[in-house]
Amino acid sequence: MLANGLNERFSGTNAGTAFGNGVYLAEDLGKSDQYVELDERLSVSSELHQRLYDSSQRHPGNVYYALACRVALGHSVRTQQSGERAVSMDTRKPIFPNGNTRELSVVDGVSPPVFHHSLLAELGGALLRYREFVTFHGEYVYPEFLIAYQRCSGGAPLQRQPLAPPPAPRVVAATVTATAAAPSYQLPASTPPRPKPKPKRAKKAKPPKDYSALMRHGGGTWLADAHKHKAAAQSCGARWDSLNGMLYAPASANLSSFRQWLPKGAIPQLSAPCSLERLRRKGGGTLLDVPFDEKDDAKAAGARWDGDEKKWYVVEHASSFAAFERWLPAGTVAALEDEAKAAAAKRLADAQAAWQQQQAQQQAQAELARMQAAAQARTAAQQPPPAQPLPSQREASPAVHAWPYQPSLPQQHQPAPPQQHLPRMYPPPQQHQPPPQQQYAPPPQYAPPPQQYAPASAPFRTFLTTPFAQKDDCKAMGGRWDPERRAWYVPAGLVLTPFLQRWGQRHDLNAQRVP
């Protein structure tokens, strides 16, 4: 630490990480005094003692050490809670985005976004006596002084109390009196009985140290202080991570070759089978550990480059990982393929369930329309017929009827014919006949098309295995490009026959039934 400063990547290897994986500091030495260890006497082999003590400065004995540091706190976020779900006292927002305890949240109202530089743990929640300051970048901390001190009481150093001496054994004298004939005599001092040994207390088993901070995301193990011997580490097979600026041991390498750059006792834990969660990519997919010399082989096998994480990865929903086995940790290919099969089966089951639900809704809508039409027909049948118009109430005019011809007399008054009332004529009543009832025919049951042959058109997108050199032909025939899945597809409703005659189907994408 005196030569290279503080490294936040070793957080949690000696104490807890209540407020994240960072460098913990305090403004009161009483807080730091809770974590120091006693240095009883001078050790010739200790490099620290060689730097601090000589003939002019003797080792005083029973000393403790602490660092006085200058820290650039920057824009701090305050909290009274510990753990991954801690929230800010000012904004009530989570201080660790996505549960990542190695980086703080961004500062509100700043563009481009800037992460908080440090964390200030205030009193009142998880802390009751001392405040704590945590920074997640070791370059913000400058160790200025190394302080050696002793714990004192009343000005005098506290000394370890020696154990109390055992109590002195008691000597018991016994006198035996014989009969009058026998002379009396005194027994010599007898040896006191040995005290029963106290049962030894069983030592509490120390919990094993956690070295998960050395596990690299994407596979591999970080090598601490290996940059001092960069050439030697790279000759053993170490690789350089340009994003984090550290050397690491590949997942396929034997960690015993890197023993000098790993903590003592960390190899058994770090040699355990790699978890699949360490290979997850944030945007979906599986990360690969591809060296720079093999990038062309990885690209030819189908891997893609992530410019943000500076790593190669396998696309999401891939079904086979055999071509990428040499860039994956040992024993993970079979697990990844089993997981991919289970995910594909789940997507297919979800697509089938969605299709069945859609068909059921369509049938329910058709049945509802049929019932409404039948109800309207019954209502029309029960209504009375419309009223017929009645004839005119006027009486027939005499000129309408045929009277006997009477020639008009010249210059004589023509008598008017007598007024006669004719009976009114009504049309005969018509009998109402109800309209014939329509016979209900149940709708035909939907039968899905057989799976032995490809349909002429599909209600979903049909993804194709179109190579890059033939993309123009596919586009001219009506195909389209899906940038999210990076594949050509036939839109829903378009005839599939000319496409399937030239290219195959992407079954892994077609199982999703994208509309």
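Trainee: What makes Cys236 partly exposed?

Mentor: Its relative accessible area is 36%, and partly exposed is the class between buried (under 20% relative accessible area) and exposed (over 50%), with a 1.4 Å probe and protein chains only. So Cys236 at 36% is partly exposed. Keep in mind that this is a predicted model, where local features need pLDDT of at least 70, side-chain atom pairs count only at pLDDT 80 or more, and totals for chains, interfaces and linings use all residues. Residues are numbered from 1 along each chain as its sequence is written, and side-chain values use heavy atoms, leaving out hydrogens and water.

Trainee: Why does Cys69 count as partly exposed?

Mentor: Cys69 has 26% relative accessibility, so it counts as partly exposed too.

Trainee: Good to know! Why is the pair of Trp222 and Tyr248 called edge-to-face?

Mentor: Rings of Phe, Tyr and Trp (its six-membered ring) pair if their centres lie within 6.5 Å; planes under 30 degrees apart are stacked, over 60 edge-to-face, and the rest tilted. By this rule there are seven aromatic pairs. For Trp222 and Tyr248, the centres are 6.2 Å apart and the planes at 75°, so the pair is edge-to-face.

Trainee: Which parts does the pair tie together?

Mentor: Trp222 belongs to strand β11 (residues 221-222) and Tyr248 to strand β13 (residues 246-249), so the pair links parts 26 residues apart in sequence. Strands here are DSSP runs (E, at least two residues), numbered from the N terminus. Both Trp222 and Tyr248 are buried.

Notes:
Helix = DSSP H or I, 4+ residues; strand = E, 2+ residues; numbered from the N terminus.
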